[in-house]
Amino acid sequence: MSLGPTDNHYKLAINNLRKLTTMKLMLLEVGAGSKRMKEFLPKNIEYHTLDYAEDFWKDSFTFNTNIDKEDFPIEDETYDIIICHETLEHVMYPDKVLKEI
């Protein structure tokens, strides 16, 4: 599958992640939404998600967490890569989210 015209903002991250093929890595996408990035990752990158939903997506995230009201439910140093793409403008406390990341 290829990126559509509205997905151009993913290209830089995806192109850089595709270069990381020599070791097993764990990636967390904060604000994963539809998890669009997952399909473009090399097989050596284990993909996890943190987002919040009360609707049909609620069971589809690794961590279903409201980052405006809750702390990240993840121990420090768990992930090799953390991506937070087009998320900060949707949260009330972006400084808190950045500190958690």
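**Strand pairing.** I looked up strand 1 (residues 25-30) and found that it pairs with strand 4 in the parallel sense over four bridges; two strands count as paired if DSSP finds at least two bridges between them. I noted C84 in strand 4 as the bridge partner of V30. Helices (H or I, at least four residues) and strands (E, at least two) are DSSP runs, numbered from the N terminus.

**Basis of the entries.** The model is predicted: local features need pLDDT of at least 70, side-chain atom pairs count only at pLDDT 80 or more, and totals for chains, interfaces and linings use all residues. Residues are numbered from 1 along each chain as its sequence is written, and side-chain values use heavy atoms, with hydrogens and water left out.

**Faces of strand 4.** I then checked strand 4 (residues 81-84), where I81 and I83 form the covered face and I82 and C84 the uncovered one. In a regular strand the side chains alternate between the two faces of the sheet.

**Nonpolar patch.** I followed I82 to a nonpolar surface patch of about 240 Å², which I82 makes with L98 and I101. Patch residues have over 30% relative accessible area and no salt bridge; like charges are joined within 9 Å, nonpolar side chains (Val, Leu, Ile, Met, Phe, Trp, Tyr) within 5 Å. Areas come from the Shrake-Rupley method with a 1.4 Å probe; for residues, only the protein chains shown count as cover. L98 sits in helix 2 (residues 94-100) and is partly exposed because its relative accessibility is 47%; buried means under 20% relative accessible area, exposed over 50%, and partly exposed in between (1.4 Å probe, protein chains only).

**Salt bridges.** I counted two salt bridges, each a side-chain nitrogen of Lys or Arg within 4 Å of a carboxyl oxygen of Asp or Glu. K24 and E46 meet in one of them (3.6 Å, N to O). K24 lies in the loop between helix 1 (11-17) and strand 1, and E46 in strand 2 (residues 45-51), so this pair ties together parts 22 residues apart in sequence. K24 is exposed at 61% relative accessibility, while E46 is partly exposed at 30%. E39 forms a salt bridge with R36, with the closest N and O atoms 2.9 Å apart. I recorded E39 as partly exposed at 41% and R36 as buried at 16%.

**Whole chain.** I read the pattern along the sequence as α-β-β-β-β-α. Of the 101 residues, 38% count as buried.
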